[in-house]
Amino acid sequence: MRVRKAVALGASLTLAAVLSACSSNSGGGSGSSTLNWWTWDDKQATAYKVCAKDFEKANPGVTVKITQYNVTDYFTKLTAGFVAGTAPDAFQNSVQFFPQYADQNQLLPLDDYIKKDNFDLSRFSVGVDSWKYTDGKQYGLPLDWAATGLYYNTDMLTKAGYSAKDVQNLNWNPDNGGTIGKMIAHLTLDTKGRRGDEPGFDKAHIKTYGFGQLAAKDFLGQSTWSSFVSTTGWRLGNKANWPTELNYNDPQLVKTMDWIRTLVAKGYAPKIGTFTNTVSDVDLLSSGKVAMETGGSWSASTFAKIPNIKVGIGPTVLGPDGKTRAVFSNSNGNTVWAGTKNRDLAWKWVSYMGSETCQTKASATGTFFPSIPASMDASAKALKAQGVDLTVFTDMLKNKELYPSPDFRNGAALQDAIEPLIEAYFAGQKDDSVFADMQAKTKSILNEK
């Protein structure tokens, strides 16, 4: 994510009406010692329980109740809570829905608390500006961050004649695919053991695809195509934040998508729909169906624990200039419901979750990347002792190769409008003209009030 793949780039939500902040009792109620916090991430729900215990010890009589809902239900339940006045005091939030909630006055501005407590926002490595709204107010604190890496089956790589060092400096261009294009072809095997760049290769009968599911309806491309096209200087929005249109018709993106379709046409990567939505990136690599794929940083420790398979992690590709690496990153946030009766306590909990002490303890699980650099370093050190090397991702931070997802309005409507068009394009039902249609739709949707 994690919402990354599903929500922050994710779940669709239709709001029946513009909601104002409710004044009725939130989960704990007026004077209650129970503080309710919600998340869609089962891993973070477990990880932050250690912080909850410490918080309760430091605040006698207070109970922190952490509740996790599946991402497909989470935002619907949250909206229902706004309406009924039973929303949680504080909750994990996605940039996709942040603007809607801010417009509806469902979020508590944190500026007065930040000023009063002299809370230093510079402690966070990424994501602070993502939670600042168009009114200039800060509505959330960064809770985590995510990026994309290259995951590969080391045994398959070795048998193909490559080493881990070869993966570190792969380059790409939309004309011939660069060095990663050659590697993808050579990693692909048909059912008779012939490689994609060898005579007699049968693209109709594939045993192992050289690369994973780039042909996907992912309308932001976070863990699919964005790490390729971003190296050309392309960015999703026409402005860094609050764009008025998304750059789907940019020639660089069109050429990138065309290149992805050539991988599919040659049998080097799976067609859209080859695998069901329930099959994860980890499943594909562990099954031997793909040799290499892009995947989220949040899956690093899971990949490392695949039984009987050693998985390597490499950085995303360098661009056509052989020097530029640019990685789309987003940060989920921690927000306080405007209708809570426990405002001071909710801020105290949210700000504690945004402390180095809490984030270091919680992120020791390795199931998410904390927003505070010192905590990230501690997490990386702890995981390295367990055999999980996160250097690829920490280097992205240090080398300033990450760029943030823009905030934009009407994210759910955008997803509903754009994903079917991307799917139709990769299914061969639409040609390149679809990208102009997509961009026109974003201009209309983003400017709806």
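**Figure 1. Arg194 and Asp190 form a salt bridge, with 2.9 Å between N and O.** A salt bridge here is a side-chain nitrogen of Lys or Arg within 4 Å of a carboxyl oxygen of Asp or Glu. Asp190 is buried, at 1% relative accessible area, while Arg194 is partly exposed at 26%. Buried means under 20% relative accessible area, exposed over 50%, and partly exposed in between (1.4 Å probe, protein chains only). Please keep in mind that this is a predicted model, in which local features need pLDDT of at least 70 and side-chain atom pairs count only at pLDDT 80 or more, while totals for chains, interfaces and linings use all residues. Residues are numbered from 1 along each chain as its sequence is written, and side-chain values use heavy atoms, with hydrogens and water left out.

**Figure 2. Two further salt bridges, among the 7 found in the whole structure.** Asp54 pairs with Lys361, their closest N and O atoms being 2.8 Å apart. This pair links distant parts of the chain, with Asp54 in helix α3 (residues 49-58) and Lys361 in helix α15 (residues 356-362), 307 residues apart. Both ends are partly exposed: Asp54 has a relative accessible area of 21% and Lys361 one of 42%. Asp155 and Lys159 also meet in a salt bridge (3.4 Å, N to O); both sit in helix α7 (residues 154-159), 4 residues apart, or about one turn of the helix. Helices (H or I, at least four residues) and strands (E, at least two) are DSSP runs, numbered from the N terminus.

**Figure 3. Strand β8 (residues 292-296) is largely enclosed by the rest of the structure, because 5 of its 5 residues are buried.** Met292, Thr294 and Gly296 lie on one side, with Glu293 and Gly295 on the other. Strand β5 (residues 148-153) runs antiparallel to β8, joined to it by 5 bridges. Look for Tyr152, which stands opposite Met292. Two strands count as paired if DSSP finds at least two bridges between them.

**Figure 4. Met292 in the largest nonpolar core, which has 79 residues.** Such a core is a set of buried Ala, Val, Leu, Ile, Met, Phe, Trp, Tyr and Cys residues joined through side-chain atoms within 4.5 Å. Met292 is one of the residues with the most contacts inside this core, alongside Ile180, Tyr248, Leu390 and Phe393. Helix α11 (residues 251-265) gives the most to the core, with 7 residues. Not counting residues up to four places away in sequence, Met292 touches residues including Leu150, Val167, Ile180 and Phe211; contact means heavy atoms within 4.5 Å.

**Figure 5. An open sheet of 5 strands in the order β2-β1-β3-β11-β4, with mixed pairing.** At the edges, β2 (63-68) and β4 (141-142) each have a single partner strand, so one side of each is left without a neighbour in the sheet. β4 pairs with β11 (residues 333-336) in the antiparallel sense over 2 bridges, and Pro142 has Gly333 as its bridge partner. Helix α14 (residues 343-353) packs on the sheet, touching β1, β2, β3, β4 and β11, and its direction makes about 170° with that of β11. For this angle, axes are lines fitted to C-alpha atoms, for helices over the stretch in contact, and angles run from 0 to 180 degrees between N-to-C directions.
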